Amino acid sequence: MDKHAIVVRGGLVVAPAGKCSLQDLLIEDGKIVAIDAPGFSVSADAEVVSAADRLLIPGLISSHTHSHGALNRGAVDDKVSLEMFLTGGASGAESRGVKDKYLSTALSAAEMIRKGCTACYDLSAEFPLPSVEGISAMARAYRDAGMRAVVAPMITDKTIYEALPGLLEALPNDIRSRYASLSSAPGTATIDACAQILTNWDFDRRWIRPALGPSIPLHCSDEFLTECARLASEYDVPLQTHLAESRAQAFLGQARYAKSLVEHLEDLDFLSERLSVAHAIWLDDDDIERLAQRGVRVAHNPCSNLRLGSGVAPVRKMIENGIVVGIGTDASSTSDGQNMFEATRLASYLSRIDGFETEKWLSASDALHLATEGSAKVLGFERIGRLAVGYEADIVFLRLDSPHFVPLRAPLIQMVFAETGSSVHTVMIGGRIVFHDGKLLTLDEGLLRRDAQEAALRLDRANDVALAGAASVARFVGMFCAAQGCTGHPLRRNLGVVCEC
C-alpha cells in the first residue's frame, strides 16, 4: 500500500465509545497515526482527502459469509428452512470452474464494499474437494477488490442424509433409493487437500488469511472434526463451523450423542480460542457457559436466521458470559444480500424481542461494536474495526445529506437504525480509496454483471436435473426436520412461540 501521508479533513468521526466529533485523521502506510482537532498541521506533501459533511465510521466487518452464494442469488425459494436449503446445497457446485469461483467471490466483495463492509470471514464450498486453485481464486478476488478476508474451505465428510439420524428412513421409497447411495469425499482426502491449501498459501496475511470451515458438526464425523482441529493447530489458523443453527440440529444432536452439540464438541476437545461458531441459536445456559470457558467466539447472523426461520440467538446472554460476538451477513442466497447495515440494525432490534428488560437490549452503540470490533476478533485481525491511532485506516464515509440524517441529532442512532448503505460515498481500506461517489474503483462491475448473468444461465442449464431432484426431496426433508424440532426440545428460540405438532 502507499506509504505517503494522507490527511482526512473535517469528518464527523465516530469514536470507539460511540461519541461523534469533528476531527482530522492522519494516515501513513495504511494506518491511522494521529486523530486530532480539525486543522492540525501535516507535511506539505500530504494528500488531502475532504470529509466535509461526512460521518466517518470504521469499516463494517462480516464475521460470517459464503461467497459461493453470490451466484445463487434468487435461487432459494421464499419458504425454505435451513435443512430444505441444504438438500440442494451441492447441486450445481461441481459444474463451477475456477473462473466461476473467482466471479462469485468478486460479486460478493463488490456488494460488501458498496455497503460499507471492508473485511469478512468467508466459508466457501467446492465439490467434491477443496482445491488450491479454487481457494486461491477466491482469495485473489478479495485481493483484487481491495478487501481483507479470512478464506476457509467449507468441508464435511457426511451428506445431509448420512448426518441426520432417521432422515433416510423417513423419505418415500423412490426418493430414499435415489439418495441412499450419495456420499461425500473421504475425510482423509479432504484433510489432505486442505493441508495443500495451507502449505501453499502465498497471500499477504495483513490482508488475506486462510482458515478451515468444518461446515456443521452433525455433518462431520468425530474423526474428521478432530483432524480439522489438529490441522488448524499445526498451521496456526482459525476454525469456523455452524453450530445449533436450527431446532432440528439441536434435537438430532441430542439424539445422536445423548448430550448437546456443545457438550459433544467439548468432549472432542474441539472447543478453543481459535474456533468461532456461526448462528449458535439453540443453546442452553450450560452450552453458553462452556463456549465462554473455552474462549469460543460467535458470529451472529440475524438476516439468514429470520429468512430460514431458524430462530433468535441469545446474544445478550452470550455477551453477559464474556463471549466475543460479531455480526455476519451469511450468503447472498440465504440473506439475499451482503448488507451489514441491515444485519447490524436487526441485531439490535431482535434483542428487543428476545427479552423485555430494556437495559438488556442491544443499543445502537452495542450493535455497531459487534459489527466492527466484535467481528474483527472473530476474524482474528488485531487492528481493524476501530477509528483509533495504530489501527488500519479502514474507513467508511457516509453522506450527511441523506434523508435519515436530516435533521442531525444523534448520528450514531440515526446511522444504525436507518442506514441502508445508500449513504456510502467513499470507502477506504488500508488508506486506499476503493469506492468513491457511486463507483467501485477496483473491479469492473459492468463486466461482473455480464459474466454473472452468463454464468447463471449456463450453470442453471447444466444442473437443471440435479436442482429439480433437490427440490423434489426438500419438502420431505422439511417435514422430517420440522417434526424433529417439535419433539420435546425444551428450548424456545422462535420468539417464544410454543411448537404445536
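1. Helix α2 meets helix α18 through Asp100, Leu103, Ala106, Leu107, Ala110 and Arg114; on the α18 side the residues are Glu445, Leu448, Asp451, Ala452, Ala455, Arg458 and Leu459. Contact here means heavy atoms within 4.5 Å. By class, this contact holds eight nonpolar, five charged and no polar residues. The model is predicted, with local features requiring pLDDT of at least 70 and side-chain atom pairs pLDDT 80 or more, while totals for chains, interfaces and linings use all residues. Residues are numbered from 1 along each chain as its sequence is written, and side-chain values use heavy atoms, without hydrogens and water.

2. As to geometry, α2 (residues 98-114) and α18 (residues 445-462) pack at about 130°, their axes lying 10 Å apart. The pair is therefore oblique, a term for angles that are not under 35 degrees (roughly parallel), over 145 (roughly antiparallel) or 65 to 115 (roughly perpendicular). The crossing of α2 and α18 is left-handed.

3. His300 belongs to strand β13 (residues 297-300). With a relative accessible area of 3%, His300 is buried (under 20%; exposed is over 50% and partly exposed in between, with a 1.4 Å probe and protein chains only). Leaving aside residues up to four places away in sequence, His300 touches Ser63, Asn305, Ala313, Val315, Val325, Gly326, Ile327, Gly328 and Ala347.

4. The count of disulfides is zero, a disulfide being a pair of cysteine sulfur atoms within 2.5 Å. Cys228 is in none, and its nearest cysteine sulfur, that of Cys220, is 6.2 Å away. Cys228 is buried at 0% relative accessibility, whereas Cys20 is partly exposed at 26%.

Key
Axes fitted to C-alpha atoms, helices over the stretch in contact; angles between N-to-C directions. Helix = DSSP H or I, 4+ residues; strand = E, 2+ residues; numbered from the N terminus. Left-handed = near helix turned anticlockwise from the far one by under 90°. Nonpolar A, V, L, I, M, F, W, Y, C, P; charged D, E, K, R; others polar.
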